[in-house]
Amino acid sequence: MSQVSPSATPGHAGGDLLDAGAASLTERFEAAFMPNYGVPPAVLVRGEGCHVWDADGRRYLDLIAGIAVSSLGHGHPALVRAVSEQAAALAHSSNLFINEPEVLLAERLLGLLKVPGRVFLANSGTEANEAALKLAVKHARATGRKYYVAAENGFHGRTLGALSLTGKAAIRDQFGPFPLDVRFVPYGDADALKQAVTGDCAAVFLEPTQGEAGVVPPPDGYFTAARQICDATGALLVLDEIQSAIGRTGHWFAHQHDGIVPDVLTLAKGLGGGLPIGACVGFGQAGTLFAKGDHGSTFGGNPVSAAAALAVLGTIERDGLLAHVRELGDRLAEGIASLDHPLLSGVRGRGLWRAIVLTGDHAAQIQAAAQRAGFLVNAVQPDAIRLAPPLVITEEQVDAFLGALPAILSEVAG
Ligand SMILES: *Cc1c(COP(=O)(O)O)cnc(C)c1O
């Protein structure tokens, strides 16, 4: 019973966890888990608003939100209430039965999208993309199409179907060859897309801004061109909005900024506010490509996750968070852009989804220095730091980070 952290609420996260202490939990993590994640740099035990606490009682401002997931921050009363009440009422129905939250959620998503469509609910991003890919395969079989197009450096997930669409050699190649013919084009190059997409192409998979590549936006007009190319050839346009949607860019969906409508849309991350959920939406005819028996998921449409997602969407609307994201995102970006530091080359992205672009490969050291200074950020690329804070972050919290950033950079610059 030693090392109970001073700030920990008794009984909050379970005595065994707190008693273990960060150092020994880290060792036990390393011994018990497969080495695919390496060893993460902190043990988190508790969160409140935009702050989290580690097992040693240290507090951090969370500027990554569990990879753009904890959209309402931590312990938001609306999310806590929705999850607790639904867990008590009915935690699971399976797809053998209908539950009310899943129906409300599908209707709510379609209402926000303002285009007729149909929803499939999954449990994660990669599963949402697997559903989209199976829709594309059905389209290919029905029309005699033979291949798929995706972008270099794009990220669509780790399961083999989604991985086959992922344009990063380091995580893809060792698991190939893949059963589907996927051809990669440079992201943002409309001419290259036009060349690659013929009447034999079944679907084009793109992110509205490439998240894992380092929050890289395309040039203006790229998605208008992509829409035209798909219309001209009959290929489905599949937008992976797993990271970009649900207010992250200051719009419900990033493609609404571009003023286009995809044929298929995938969602996950921020939708559940921390509860696992994914969604695949098919518009128009793409919404009815699956026949009965073509696809399924035991946990998909889980009522607790659906209730959490409804709480996220309701809170974003009620609290005017889209406008808040635009305002605070601009404040964050302008604050970074106004700093003059030899390690800083610029800032990119939109809303509360930004990359601090560095002059060299210092991201890992800056992430570590930021953590020592009490800020959680993400070294998304060797030369880029990703910021994706909770959508509820305050002006004071943004300013606290901007105030601390020069010293964090200087510690690394030496
Ligand atoms: C995170 C992410 C995925 C994969 O989601 P998981 O929930 O980790 O499976 C797919 N596409 C994009 C754009 C993502 O950001």
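**View 1. The residues around the ligand.** In this predicted model, the ligand has around it Ser 124, Gly 125, Thr 126, Asn 129, Phe 155, His 156, Gly 157, Glu 207, Asp 240, Ile 242, Gln 243 and Lys 269, a residue being near when one of its heavy atoms lies within 4 Å. By class, this shell holds two nonpolar, seven polar and three charged residues; here Ala, Val, Leu, Ile, Met, Phe, Trp, Tyr, Cys and Pro count as nonpolar, Asp, Glu, Lys and Arg as charged, and the others, Gly among them, as polar. Residue numbers start from 1 along each chain as its sequence is written, and side-chain values use heavy atoms, leaving out hydrogens and water. Local features need pLDDT of at least 70 and side-chain atom pairs pLDDT 80 or more, while totals for chains, interfaces and linings use all residues.

View 2. A ligand nitrogen sits 2.7 Å from an N or O atom in the Asp 240 side chain. The protein buries 81% of the 380 Å² that the ligand exposes when taken alone (Shrake-Rupley method, 1.4 Å probe).

View 3. Look for Lys 269 in the loop between β9 (264–267) and β10 (278–283); strands are DSSP runs of E with at least two residues, and helices are runs of H or I with at least four. Leaving aside residues up to four places away in sequence, Lys 269 touches Ile 67, Ala 68, Val 69, Glu 212, Ile 242, Gln 243 and Ile 277 (heavy atoms within 4.5 Å).

**View 4. Helix α6 beside the ligand.** Helix α6 (residues 125–143) gives the largest share of the ligand shell, three residues. Its 19 residues reach 27 Å from first C-alpha to last, close to the 27 Å expected (1.5 Å times one less than the number of residues). Gly 144 follows α6 with a positive phi, near 70°.

**View 5. Two backbone details.** Most residues other than glycine have a negative phi, and most peptide bonds are trans. Ile 67, found in helix α3 (residues 65–68), has a positive phi near 65°. The peptide bond from Gly 176 to Pro 177 is cis, with omega near 0°.

Methods. Polar contact = N/O pair within 3.5 Å; in protein donor to acceptor, adjacent residues only side chain to side chain.
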